[in-house]
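Biologist: I am new to this structure and would like to go through it with you, one question at a time.

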Amino acid sequence: MSDFTISDTGFMQEALGLARRALGLTAPNPMVGAVVVANGEIVGRGFHPRAGEPHAEIFALRNAGDRALNAELYVTLEPCNHQGKTPPCTETIIRAGIRRVVIGTTDPNPLVEGRGAKRLLEAGIKVEIGLLGSECCRLNEAWNKYITTGLPFVTLKTAASLDGRIATHSGHSQWITNEKSRHYVHQLRAANDGILVGIGTLLKDNPKLTARLPGLEPRSPYRIIVDSLLRTPLDSQVFGPDGRERMLLVTHQHSEEKLAPYRKLVKEILILPTNDLGQIDLLELMKTLAARGITSLLIEGGSEINGSALDNRIIDKVCFFYAPILVGGRGSLGMISGQGAETIDQALPIKDITIRHFDDDLCIEGYLDYKGIKY
């Protein structure tokens, strides 16, 4: 690995900050940021705003103009060397006269996968890889999984009392966490391509499932309702005024007469098989969503859908909020049901844990360790 300087690190941190500006907007592409540096000064900045738009390197080089000649380029992800919706970035970098390219992480896309760096080296450009590599890789954790497995990256979010209850024995659940925790949830929504809930949550809470923060409205993800028996009320809030183009309804086989009212309210009805318990096949659903360009998914369901997601091993990351209250009660709902582990040694470990505080609420985030399965 190269001996990167403090200045190198600062420039890559700037590129990472630029990349994050497009959080929730680039699917099915990755987030990428780039800066052009001449004589120790940033002379060009850019990030990839959305699929179909130029890549970060192109914006940064345009911003730099003639100052890119003999300059250095810092980019969070390996430049592409293939013709897609946009031309290869490597050729633009070469023509601009860049002398050194510092790359955060190589591109796992089989169409790139080292070819970008190789092309730059062949052109006589100095290439160094790995600066803030972990941060650059984590930035695109959803896209990394999607491009290598064809499945979306799934985050399970739930909120519970300190004794792990998501609702009282009467079914009451609003609000367990405080306003600051809920504010963070809206940020999570804006960062994901889709939000999924089961019919139980929809009937109980009647959620809107939108990112309701100033400036984040354009980033509201697809709202996905899993309802095998088609019990979703037609006046549910999830069908709001902007609902149709961002709304997917997942169900089983039904008559066209029963489906017809929903076709007017949603972008698409996904008809999928069910398992022996009558539950929608979630793995098949993940494949179906990925085929529609949904690279990241936030599950905000109840105990049943959470359990089904865990049993089907589709969860990559958890985000659990705990409020400093005790609910108790034999009939109160736990966070995750389903089949679960038979013995404690079969329980799934959580790794790379991050703990956040939102006043008195606690948020624990971590990644599922499927015993050697990596994306």
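The questions and answers below concern a predicted model.

Biologist: Which residues of helix H2 are buried?

Modeller: Helix H2 covers residues 56-64, and a residue is called buried when its relative accessible area is under 20%. The buried residues of H2 pack against strands E1, E2 and E3 and against helix H3. The residues of H2 that count as buried are Ala56, Glu57, Ile58, Ala60, Leu61 and Ala64.

Biologist: Which residue takes a positive phi just after H2?

Modeller: Helix H2 spans residues 56-64, and the place to look is just after this helix, where the phi is about 60°. The residue with that positive phi is Gly65.

Biologist: Which element supplies the largest share of the lining of the largest pocket?

Modeller: The largest pocket holds about 1,100 Å³ of space, and of the 44 residues that line this pocket, the closest to its centre are Thr201, Asp205, Glu300, Gly301 and Gly302. At least two lining residues come from each of strand E6 (153-161), helix H7 (179-191), strand E8 (194-198), helix H8 (199-205) and helix H11 (303-311). With five residues, the largest share of the lining comes from H8.

Biologist: How far apart are the closest N and O atoms in the salt bridge between Arg263 and Glu256?

Modeller: Arg263 is partly exposed at 38% relative accessibility, and Glu256 is partly exposed as well, with a relative accessible area of 44%. A salt bridge requires a side-chain nitrogen of Lys or Arg within 4 Å of a carboxyl oxygen of Asp or Glu. For Arg263 and Glu256 the closest N and O atoms are separated by 2.9 Å.

Biologist: Is Glu141, the salt-bridge partner of Arg138, buried or exposed?

Modeller: Arg138 and Glu141 form a salt bridge in which the closest N and O atoms are 3.4 Å apart. On the Arg138 side the relative accessible area is 39%, so this residue is partly exposed. For Glu141 the relative accessibility is 18%, and because the cut-off for burial is under 20%, Glu141 counts as buried.

Biologist: Which residues are linked with Lys126 and Glu128 in a network of salt bridges?

Modeller: Lys126 and Glu128 form a salt bridge with each other, their closest N and O atoms lying 3.9 Å apart, and Glu128 counts as buried at 8% relative accessibility. The count for the model comes to 19 salt bridges. Linked with Lys126 and Glu128 in the network are Asp8, Glu72, Arg99 and Arg100.

Biologist: How much accessible area do Ile350, Ile353 and Ile355 have together?

Modeller: Ile355 lies in strand E15, which runs over residues 350-358, and this residue is exposed, with a relative accessible area of 53%. Ile350, Ile353 and Ile355 form a nonpolar patch on the surface. Together, the accessible area of these three residues is about 270 Å².

Biologist: What separates the C-alpha atoms of Ile176 and Ile350?

Modeller: Ile176 is located in the loop between strand E7 (165-167) and H7, where this residue counts as buried at 15% relative accessibility. Leaving aside neighbours within four places in sequence, the contacts of Ile176 include Ala159, Ile166, Ala323 and Ile325. Ile176 and Ile350 are 174 residues apart along the chain, and their C-alpha atoms are separated by 23 Å.

How values were computed: Residues numbered from 1 in each chain as written. Predicted model: local features only at pLDDT ≥ 70, side-chain atom pairs only at ≥ 80, totals over all residues. Heavy atoms only, no water. Buried < 20%, exposed > 50% of the residue type's maximum accessible area, 1.4 Å probe, protein only. Helix = DSSP H or I, 4+ residues; strand = E, 2+ residues; numbered from the N terminus. Contact = heavy atoms within 4.5 Å. Patch = residues over 30% accessible without salt bridge, like charges linked within 9 Å, V, L, I, M, F, W, Y side chains within 5 Å. Areas by Shrake-Rupley, 256 points an atom, 1.4 Å probe, with all protein chains shown as cover. 1 Å grid on protein atoms, 1.4 Å probe; cavity = no way out; pocket = protein on both sides within 12 Å on 5 of 7 lines; lining within 4 Å. Points joined across faces, edges and corners; volume = space filled by probe spheres on them.
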